[in-house]
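Thank you for making time for this.

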Amino acid sequence: MLYFIEQCLNGVQLGMLLFLLAAGLTLVFGIMDLVNLAHGSLYMLGAYFAATFAAVTGSFVAGLALAVAASLLMGMVLELVAIRRLYGRGHLDHVLGTFGLILFFNELVRLVWGPAGLTLPLPREMLTAVQIIPGVHYPIYRLVIILATLGVAALLYLVVMRSRLGMLIRAGASNREMVGALGINIKLLYTLVFGLGAALAGFAGVMQAPILTVQIGMGENILILAFVVIIIGGIGSIRGAFVAALIVGLIDTLGRAFLPDLLRVALSTNAAQTLGPALSAMSIYVLMAAILVFRPEGLFPAASR
Amino acid sequence: MTGQIDPPLDSPLVAASRFRLTAGMALPVLLVAALALIPVYAAVTSDTFAITLFTRVLILAIGAVSLNLIMGYGGMVSFGHAAYLGIGGYAVGVLAKEGIGSGFVQWPLAIAASALFALGVGALSLRTRGVYFIMITLAFAQMIYYVAIGLDRYGGDDGLTIYKRSTFGSLIDLNNKTLFYYLCFGLLLASIYFIARLTNSRFGLAIRGARSNDRRMRAIGFPTFRYRLVCFVIAGALCGLAGVLLANHTNFVSPALMHWTRSGDLIVMVVLGGLGSLFGPLIGAVTFLLLEEGLSRVTQYPDLILGPLLLLVAIYVNGGIEGLIEGRRLG
């Protein structure tokens, strides 16, 4: 039972990270109609920036802040140089162009930081575990991730739903020509939105960096999970992304933790050992397939954005 | 119902369905002739690496040809096509490990398995459109990738070595490099011919009609979902064949075979060569793989050049290499 609670918290933590990635993707898709495969590269760059800046400044928090700022800047430069030329083109062109960007960024990281991974050490006070309910100890840093990502999600909600910038973003999503005609600098708005998405991805990368190794290609597997989140949640819907991210995070984590044991009850130990890892890796894709059968547009289609 | 549709005169449908002898035809003809002479070149210069490299080119070209069927003619952008390479390859590897070495069993089973997976993926993903379709095919391919990693008995992450290539009795010996090269060459030409016949048939016209205007096709009575699904399954089966060849070529299968970047590579080949053109996938495969090979010889960081190059192609080139030569623009 205690193990179950711990795994649930891990699931929530993965879900929140997925939400940060999915939110950026879905914003960019909903507003610019752009499929951005290179979103995972921004996540990876965020982690590399954090590892570098933290080593230089000697402070985790300073590393975090600088890395998020650098990701924001990186995203805006990327939009100005390359992404902006892909607007209004077919999705296939987006796929091809951003696939090229992934190759470029992976190789760039190999050139700059070398093929070996980096680590981002945590401050000492983050290394302990706290007792959250009697008998359950949980690493404090994982709690920090959950709270910080929740905070960012709330902030994102406020920006999109309550601020002038958010109003423009939502207006741009529903009718970009009209927003442009009303005298809003739509190009600048797009650059800002892309930068915002990049900063969210970078932040997710920084938060995850101390738990995993910072390495080339780290953004790609989680990017595909973020795609699954968007498909389940409905493309263009931030609320859908939030709900779907939690579902996917929980099912993936709990599936990996408990499915092999459950199988052992039903099947022989040998068969369970063979099938367990394969089946638990499949669980979220099966969920996605099931949801597609009933709701091809996802749980929260973009109309209810 | 005759299946005849009446497209506007300037549509690519008309342009593509009439076989014309143009300047653009010269490149495919020269390319095929050059490919036919590779073993001769290799024998003269005793450069056996050329055969190895170009066998790989031919096999991946078959994969690209199959992707072009759904992507170029059918308008279905599948980002999970490498999954079929993997399924075809793993079918050979798994059967070989279990002691079934006959190609007469291995090959049909491998192709059937690929077709079956394509049927499942297609039935689910063809319910959706556009960017959903791209992401869903990607996600299902990723699923198969993780399943392969989970197969501990068959090597898991490390992959599976195939100690014996498929045997066909005394019919053909796949261990003979030159023979295997010409087998791949023949299968590639056969699949291009097959696609040419298919896309100009009533079935092919329905598929291309569904790409241009699905709603209109349904309104005149075509159950386009079924047509597209059959098309998707054919492409999966053909790519499964490419997987079978690839496994026999490298004597090895691993999850890396169906990593999503392999799917990306296939898309790049098709787009590079020219979407919806008959020889485009072959031109694209040759260009892309030779470029990759060439760049990795000159520099330690080939993707630093390749990546931006793809971006430039996406931004500036419409209709791929064949399109550049013919001055043709695809809509």
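This is a predicted model: local features need pLDDT of at least 70, side-chain atom pairs count only at pLDDT 80 or more; totals for chains, interfaces and linings use all residues.

Ala219(B) is exposed, because 9 other C-beta atoms lie within 10 Å, and a residue counts as exposed at 12 or fewer. Ala219(B) is found in helix α10 of chain B, which covers residues 214-219. If you look for Gly307(B) as well, you will see that Ala219(B) and Gly307(B) are 88 residues apart in sequence, and that their C-alpha atoms are 42 Å apart in space.

Staying with chain B, there are 15 helices and two strands, and of its 331 residues 50% count as buried. If we take the contacts in chain B with a separation of 6 or more, 76% of them are between residues 24 or more positions apart.

How many of the 16 residues of α5(B) are buried? The helix is mostly covered, with 15 of the 16 buried. Helix α5 of chain B runs over residues 82-97, and at 1.5 Å a residue it should span 22 Å, which agrees with the 22 Å between its end C-alpha atoms. Just after α5(B) comes Gly99(B), which takes a positive phi of about 95 degrees.

Now to chain A, where helix α5, residues 140-162, has 23 residues and reaches 32 Å from its first C-alpha to its last, close to the 33 Å expected at 1.5 Å a residue. Ile145(A), Thr149(A), Val152(A) and Leu156(A) are buried in α5(A), and what covers the buried residues of this helix includes α1 (2-32) and α8 (186-208) of chain A.

Two helix pairs in chain A deserve a look, and I will take α2(A) with α4(A) to begin. The axes of α2(A), residues 39-57, and α4(A) come within 10 Å and cross at roughly 15 degrees, and the two helices are therefore roughly parallel to each other. The crossing in which α2(A) passes α4(A) is left-handed. From α2(A), Ser41(A), Met44(A), Leu45(A) and Tyr48(A) meet Leu101(A), Ile102(A), Phe105(A), Val109(A) and Trp113(A) in α4(A); by class, the residues of this contact are eight nonpolar, one polar and no charged.

The other pair is α9(A) with helix α10 of chain A, residues 238-266, which pack at an angle of about 125 degrees with their axes 8 Å apart. These two helices are therefore oblique to each other, and α9(A) passes α10(A) in a right-handed crossing. On the α9(A) side we find Leu225(A), Val228(A), Val229(A), Ile230(A), Ile232(A) and Gly233(A), and the residues they meet in α10(A) include Gly240(A), Ala241(A) and Val243(A). The residues of this contact divide into eleven nonpolar, two polar and no charged.

Let me finish with the contact between the chains, which takes 38 residues from chain A and 39 residues from chain B. Which helices of chain A each supply at least two residues of the side that touches chain B? They are α4 (91-113), α9 (218-233) and α11 (269-294), and the largest share, 16 residues, comes from α4(A). By class, the side of chain A that touches chain B has 29 nonpolar, five polar and four charged residues.

Conventions. Residues are numbered from 1 along each chain as its sequence is written. Chains are lettered from A and ligands numbered from 1 in the order in which they are written. Two residues are in contact if their C-beta atoms, placed from the backbone, lie within 7 Å. Helices (H or I, at least four residues) and strands (E, at least two) are DSSP runs, numbered from the N terminus. Ala, Val, Leu, Ile, Met, Phe, Trp, Tyr, Cys and Pro count as nonpolar, Asp, Glu, Lys and Arg as charged, and the others, Gly among them, as polar. Axes are lines fitted to C-alpha atoms, for helices over the stretch in contact, and angles run from 0 to 180 degrees between N-to-C directions. Angles under 35 degrees count as roughly parallel, over 145 as roughly antiparallel, 65 to 115 as roughly perpendicular and the rest as oblique. A crossing is left-handed if the near helix is turned anticlockwise from the far one by less than a right angle, and right-handed if clockwise. A residue is buried if 20 or more other C-beta atoms lie within 10 Å of its own, exposed if 12 or fewer, and partly exposed in between; C-beta atoms are placed from the backbone. The expected span of a helix is 1.5 Å times one less than its number of residues.
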